[in-house]
Structure formats: C-alpha cells, structure tokens
Amino acid sequence: MVDKLSGVGVSSGVGYGPALRLTRDVPAPPADDRHGGDAEAEYRRAAAAMEDTAQDLTARGERAGGQAQEVLAAQALMARDPALADDIRKRVGEGASAARAVSEAMAVYRQMLAGAGDYLAARVADLDDVRDRIVARLLGVPVPGIPESAEPYVLVAADLAPADTAVLDPDLVVAFITREGGPTSHTAILARSLGLPAVVACADADTITDGTPLLVDGATGRVLRDPDPDTVATARATADARAAAAAGTSGPGRTADGHPVPLLANIGGPADLPAALANGAEGVGLYRTEFLFLDRADAPTHEEQVAAYREVLAAFPGGKVVVRTLDSGADKPLAFLPPPAPEPNPALGERGLRMMRRFPATLEAQLTALAEAAAGTEADLQVMAPMVTDVEDVEWFAAAAGKAGIENAGIMIEVPAAALRARHLAESADFFSIGTNDLTQYTCAADREIGGLGRFQDPWQPGVLELVAATATAAEAAGRPCGVCGEAAADPVLACVLTGLGVTSLSMGAAALPLVRAALARSTREQCRQAAAAALAARGTDEAKRLARERLDGLADLGL
Ligand code: PEP
Ligand code: MG
C-alpha cells in the first residue's frame, strides 16, 4: 500500500490525526420499488420529506452563518424546486414509490448539472447530498452525516456536502481529504473559510481505513499514511513558519530590493471582498463576472449589474479593479447565452470574446453597466476580454469599450497565438493579463476538466513559461503592463519566477496573497530573474521547479 498519497491542496496548513471516514449508507431504492396504490398519499410523503430536508438545511445554514449559509440555502432551494416536485408527482402517479421517484427525478437533474461544465458540475455533490437526505427520511434510515468522535480526527470522504462541512467542529476535525472535488468545489471553498487544511481529488482516498494516522499538507496536496513522529514535527514546524512569515509581511507587494509587484485579488463577486481586503489585496486583478450569473436562466438586468459592480468598485477607492467581461462557454456556460450550435470540443469553441462577438448587445449592456457603476466611485476601472486570439479581436473589443466610455481596456492572454503575437496585440490593448489556466490548457493541448492529464496542466511546463516570457517582453517593449491572473500567480515560487520573467502584477485567490507577499519580500529582483532564466532553460517541470527554487534561497524558512 502506498504511504504517500497526493491530491490537490486547496486550503493550506498541516493537520495530523487518525482517519475517520464519512460514509453515505443510504440504500438506493430498487427500480421496481412501487407504492401500495394511494398515489396522492405517497406524493404527500415525498413532499413532506423534501420540505423537512429544506428546513433542516436552512436551520444548519443559520447555525453556520457566512458563506456556508448561502450554500445551504441554495441546497434548500433544490429540495423545494417546483419542477422537481412536479416530476416526482408524475413518477409517483405512475406507481413508483416516493423514494424511487425522488431518486429517478434527481438523477435527471444530476445529469444536466454534471454535463454543464466545471462550475456547475461542482454542484453535483450538493445535489447528491440533498437526494440522500430526502431518500433517507423516506426509507426511515439515518440521514448521512459527520462521524461521531470525541477525539480530533482527519475527515476522509468521497466528497463532502456543504451540510456536513457547515456543522463541522473545527476543534475536532484537523483536516479534510476527499476523493472528488476540485479547487472550485464547495468542499474547497468551505475548507478555506473554516481555515482547515484540505486536500481534494485524492485518487487513493478510498484506500484509507478508519484509525490510520494521517499527516495532511493542505498547501502541497501531500498526504502521508502513518508518518514517523519526526516527520510530523517537521511538517508542523514548517506550517507554523509559513503562517508566521505570511502574517509577518504586510503592505504592497515588493521584492526584497523594493521592486513593486502589486498583489491583487481574484474574485467572483461582492461575497469575496472581505477575504480580499483582510489579506491586503491592493485591488482586484480579475473579477470573474460570469460567476454572478452562472445559476440564472435569464440575462441580468442593468440595475442588477450596476449594483454588483459598484459594490466591488467601492471597496477599492483609488485602487485598480480589473473586470473581465463575461467569459461564457466551455467550462462556464451561461444558460442565457447558449453556444450557437452543438460543440464537440467546447474549450475550442465559442467562449469568452468569441461569444460576445456573437451577442454584441450583451457585451454592450455589460460595458454600459460597468461605466455607470464606476462613475460614482473612486476606483480605477479597467476592463478586459477573455479568450482573445488575434489583432482583429483586440480592435473589436477596444472599440466596444471606447463606445461605452471606458478608457482602459486590456485583454487576457490565454491563447498561444495571442502570446506569440503579443507585440502586435499591444498596439490596441492597454494591458495584458495572462490567464495561465487556459494558456496552459491550450499550450499543452490538455483539457482543464480532465483529471488524468495533470502533468500537462502544470503552468511550470517550460513551453508555458516561454509564452509568458514572450508576452511580458512584448508588453515591456510597448510600455504596457502585463499581469498574471491564473492559478500560477498563487504559487509562491512561481510568483517569483513570473516576476523575473517581467510580469508586472500578480492576481490570485485572496488566501494565497500573504504567502506570495512573503516569498517576494524574501527575494531580490535579480534572484527572480535568475530563477526565471533557470526555469526557462530546464527540460521539464520538475527540473524547472528545482532550479528556480535553488536560486531563491530566501524561501528556505518558508519550507517551499
Ligand atoms: C485563466 O484561464 O487563467 C483565468 C484566470 O481564467 P479562468 O480560470 O476563469 O478561465
Ligand atoms: Mg481563462
């Protein structure tokens, strides 16, 4: 059995304790499970179980508060969905038992969500949890939940539902490990908000048995089974040192010799502002506006847009707020902007700016709302377009922004062709922001959504670094700022390499800001340049990481 397991670290810190598994023992009602004949009474049973579940979820949300409450409220809405209730009534009318009807109706719903791209697929675990809770009530078996323990433990699960995580006692649970989930899953979001170390997408999680001592590093994604006491002590000391270093560095981002590297936050809406401000973000480097509208069937109104944008702009008086226009399509489909035709490869299809060129009125409405929202605030509004490919795209977007009265319009560099032609694109773009998540996907031809292609989804791939270097060099020659707003910016070592490649600002999820700030503060600009040159010269990702790290010796006390 392997003693080292790995997954994706989504909430930093180190946790050590015995494993305790969360199992969901709600039996699936068999296909021929039928009721006794009184369809109306059977439907009433189903409706009561759904309402009880909704009330229980709402009550858990009230106890948990904050972001967890929003998630649980969304789950309660699923349990109260009238379309779902109609489908269940129909199935019960055809003879299915209440439990079977709930299972079947929710399976239809589940398939829709699972096929709707990364962000909605992450809600499947929430839906499964709602189903299990309703079915458990109907079958009279215990509603699934967190194991009972008087001692601190590491919680291991296939996936965690918000209803579980929201009522966790952070004094008893020292870390989470899940087999499923990704950095955008609710498990990850909630782990970060509870401040618990967490590793998701840990393929071997099912091989962990109850009681096995586990050491979980939520920064690196590494999990050790039955580690010796020295290893535990070292890991703890490293985590403490990282936390102390992160807490001990404040103010604007800069290298040890004072070269400024503004540190900005990636946000999905006003709800992310408190964390951005608490972690010292100097502004917003990426406002993913499509996140505001992912769950909606209709286009947002002008007033709704102005309100959501103004709240963010008002939080950074004098600071820069880079708003990305809707990046609809591929892994972030918006129901009110469907692709014009079925797409066999959505990542290579109509998304981002391509979609806006199909629906110019939607872009115009968004830019107009942004201009109006900015008018009442002191923030420096900048807009940028995702999925830009060539000069014609840039000119089209710049003209649209200009028409709305927005002066500062840039582009994301996510497509290799755009990186290679950056010197031409710089003529019409006010700035670049490199989206390393998509740039890596397209450079290495590895779909972001396919878990098994992890090796090619690493922004340390020297091919990706070459394109970042080309973009930053072209931007500098044209006198244009060039930030990075993909996950690469959140890796403290890579953040130094990016700085050495000539990147001028870094934007990331708020939780990553303190450690990146600390890493920059411990490295001179020249060391960053040396690390960048070494990474570019490397033959592969491991060598790039090792060579870069060797040139950044100030990071030693951070255990990176
Ligand atoms: C990126 O592609 O790197 C990026 C920041 O955008 P998103 O992850 O939202 O596609
Ligand atoms: Mg992108």
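How much space lies in the largest cavity? About 70 Å³. This is a predicted model, and it holds two cavities of 30 Å³ or more.

**The largest cavity**

- The largest cavity is lined by 13 residues, and the closest to its centre are Arg-288, Arg-324, Glu-414, Asn-437 and Asp-438.
- Two elements, strand β10 (283-288) and helix α17 (436-443), each give two or more residues to this lining.
- By class, the lining of the largest cavity has six charged, four nonpolar and three polar residues.

- Glu-414 sits in the loop between β13 (409-413) and α15 (416-420), while Asp-438 is in helix α17, so the pair ties together parts that are 24 residues apart in sequence.
- Is Glu-414 buried or exposed? Glu-414 counts as buried because its relative accessibility is 2%, where the cut-off for buried is under 20%.
- Asp-438 also counts as buried, at 1% relative accessibility.

**Ligand 1**

- Ligand 1 is surrounded by 15 residues, of which Arg-288, Lys-332, Glu-414, Asn-437 and Arg-448 are the closest.
- Arg-288 places a polar side-chain atom 2.7 Å from an oxygen atom of ligand 1.
- Asn-437 makes its approach through the backbone, with a polar backbone atom 2.7 Å from an oxygen atom of ligand 1.

- About 240 Å³ of space lies in the second largest pocket.
- Its lining counts 15 residues, and Leu-215, Asp-217, Thr-220, Arg-222 and Ala-235 are the closest to the centre of the pocket.
- Strands β7 (213-217) and β8 (222-225) and helix α9 (229-247) are the elements that give two or more residues to this lining.
- Which element gives the largest share of the lining of the second largest pocket? Helix α9 does, with five residues.
- The lining of the second largest pocket divides into six nonpolar, five polar and four charged residues.

Methods
Residues are numbered from 1 along each chain as its sequence is written. Chains are lettered from A and ligands numbered from 1 in the order in which they are written. This is a predicted model: local features need pLDDT of at least 70, side-chain atom pairs count only at pLDDT 80 or more; totals for chains, interfaces and linings use all residues. Side-chain values use heavy atoms; hydrogens and water are left out. On a 1 Å grid over the protein atoms alone, a cavity is a set of points where a 1.4 Å probe fits but cannot get out, and a pocket is an open set with protein on both sides within 12 Å along at least five of seven lines; lining residues have an atom within 4 Å of a point. Grid points are joined across faces, edges and corners, and a volume is the space filled by probe spheres set on the points. Helices (H or I, at least four residues) and strands (E, at least two) are DSSP runs, numbered from the N terminus. Ala, Val, Leu, Ile, Met, Phe, Trp, Tyr, Cys and Pro count as nonpolar, Asp, Glu, Lys and Arg as charged, and the others, Gly among them, as polar. Buried means under 20% relative accessible area, exposed over 50%, partly exposed in between (1.4 Å probe, protein chains only). A residue is near a molecule or strand if one of its heavy atoms lies within 4 Å of it. A polar contact is a pair of N or O atoms within 3.5 Å; within protein, one must be able to donate a hydrogen and the other to accept it, and residues adjacent in sequence count only if both atoms are side-chain atoms.
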